[in-house]
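Please keep the coordinates open while reading.

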Amino acid sequence: MVTAAQPLHPLRATARPPRAPAVRHLGPNWYATVMGTAVVATAGTALPVSVPGLRLALTGVWALSLVVLLALLCARALHWTHHRDQARAHLLDPAMAPFYGCLAMALLAVGGGALTVGADWIGTEAAVALDAVLFTAGTAVGLAAAVAVLYLMAVRHRIEPGQATPVWLLPLVAPMVSAALGPSLVPHLPAGQARETLLLACVALFGLSLLATLLMLPLVFGRLITGGPLPLALTPTLFLVLGPLGQSTTAVNNFADVAPGVVPAPYSGGFSVLAVLYGVPVMGFALLWLALAVAHLVRARRAGMGFAMTWWAFTFPVGTCVTGAAGLARHTGLVVFDGLAIGLYAVLVAAWGAAALHTARGLVSGELLAGPRPVPGALPRGRGRTR
């Protein structure tokens, strides 16, 4: 007999506990950990020095990036399955939506590393297959993110002039990563139309990303000059500007490496000319921006800047400058670019070590997976348009 005090449906009377609570606040920005780890491996292979045991260590780092990628893909799948409200909130947040470009770059970075160093462990045939899958998926996701995020920023996000940050560049850089890593697959395709099509497709991706970046970068630079320094937690994002600069320099040098025999003369020789005439000035600007970013970083540290996931901005962009400098060393023969690549790689390894250590600590303590807390002096959050 059921009394008045007893609910007719006990299961309905009890609040259902949330599923997978640990991943509720796991945003797409976490893919930056994969990018930063993978680039340590790929940039290390471009160095003009031979250190005993270095190749083995780089292969191990690449394997770590693959494991982290698989773990994050599973965690993000749980996030979308059980926390769609939060996933939708990320898409409608102009501060978080651009990080969807990190998914594409994570796939591309691990795929490129498979062919560069992963082949030592899994074999060339498996490495080519893995790179082909991840390159195709990463390029598709990157193009989708570039269009979707820009559309959301224009139609659904309500953005104020003072909210511009280098984070806005993330979905625009993803096609440039495809452009830089795609040429490594060219020699593994049948000679003729297939090789030339892939190479010229990479050139098209290069132009797409470069022109879009040239449109967005003035907004970021203008906000920095007229609005003052970024909030402390966002200061590391200034290093994101190095991404399109170093990656585009890497791309043009990789074009020149594979163009002979793929495209007819004089275009094949033109790629070698482009590698130097484009790469050297852009690398010069990258060094200028690096000095500016370091100056802002020193100021922020003195003001009390602590660890945040934005520290991963110190890794992948610097890694692209390493590969860009190494490419210029190949095509100019100048030792100064070899030295630049080695120096930047030392910075990359130190930055990766610091970011990885603090991230591991934050995961163990649970602090990084907790809900976001207000940051004093942070930029105001953007809002979704109501109509």
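**Helix packing and the nonpolar core**

In this predicted model, the contact between α11 and α12 is formed on the α11 side by V318, G319, C321, V322, A325, A326, L328, A329 and T332, which meet F337, D338, L340, A341, L344, Y345, V347 and L348 of α12. Sorted by class, the residues of this contact comprise 14 nonpolar, two polar and one charged. Helix α11 covers residues 316-332 and helix α12 residues 335-365; the two pack at an angle of about 165°, and their axes lie 8 Å apart. Because angles over 145 degrees count as roughly antiparallel, α11 is roughly antiparallel to α12. Their crossing is left-handed.

A contrasting direction is found elsewhere. The axes of α5 and helix α7 (residues 170-181) approach within 8 Å and cross at roughly 20°. The two helices are therefore roughly parallel to each other, and α5 passes α7 in a left-handed crossing. From α5, the residues G101, C102, A104, M105, L108, A109 and G112 take part, meeting L170, P171, V173, A174, V177, S178 and L181 of α7. This contact divides into 11 nonpolar, three polar and no charged residues.

Helix α5 also packs against helix α3 (residues 54-82), at an angle of about 145° and with the axes 9 Å apart. The crossing of α3 and α5 is left-handed. By class, their contact has 17 nonpolar, six polar and three charged residues.

The next topic is the nonpolar core. The largest such core has 114 residues, and the members that touch the most other members are M105, L199, F206, F239, L242, F255 and Y345. Helix α5 (residues 100-122) supplies the largest share of this core, with 13 residues. Beyond its neighbours within four places in sequence, M105 is in contact with M35, L170, V173, A174, V177 and F316.

Finally, a loop residue deserves attention. T310 is located in the loop between α10 (267-302) and α11. Is T310 buried or exposed? Its relative accessible area is 18%, and since buried means under 20%, T310 counts as buried. Apart from its neighbours within four places in sequence, T310 is in contact with A233, L234, P236 and T237.

Methods:
Residues are numbered from 1 along each chain as its sequence is written. This is a predicted model: local features need pLDDT of at least 70, side-chain atom pairs count only at pLDDT 80 or more; totals for chains, interfaces and linings use all residues. Side-chain values use heavy atoms; hydrogens and water are left out. A nonpolar core is a set of buried Ala, Val, Leu, Ile, Met, Phe, Trp, Tyr and Cys residues joined through side-chain atoms within 4.5 Å. Buried means under 20% relative accessible area, exposed over 50%, partly exposed in between (1.4 Å probe, protein chains only). Helices (H or I, at least four residues) and strands (E, at least two) are DSSP runs, numbered from the N terminus. Contact means heavy atoms within 4.5 Å. Axes are lines fitted to C-alpha atoms, for helices over the stretch in contact, and angles run from 0 to 180 degrees between N-to-C directions. Angles under 35 degrees count as roughly parallel, over 145 as roughly antiparallel, 65 to 115 as roughly perpendicular and the rest as oblique. A crossing is left-handed if the near helix is turned anticlockwise from the far one by less than a right angle, and right-handed if clockwise. Ala, Val, Leu, Ile, Met, Phe, Trp, Tyr, Cys and Pro count as nonpolar, Asp, Glu, Lys and Arg as charged, and the others, Gly among them, as polar.
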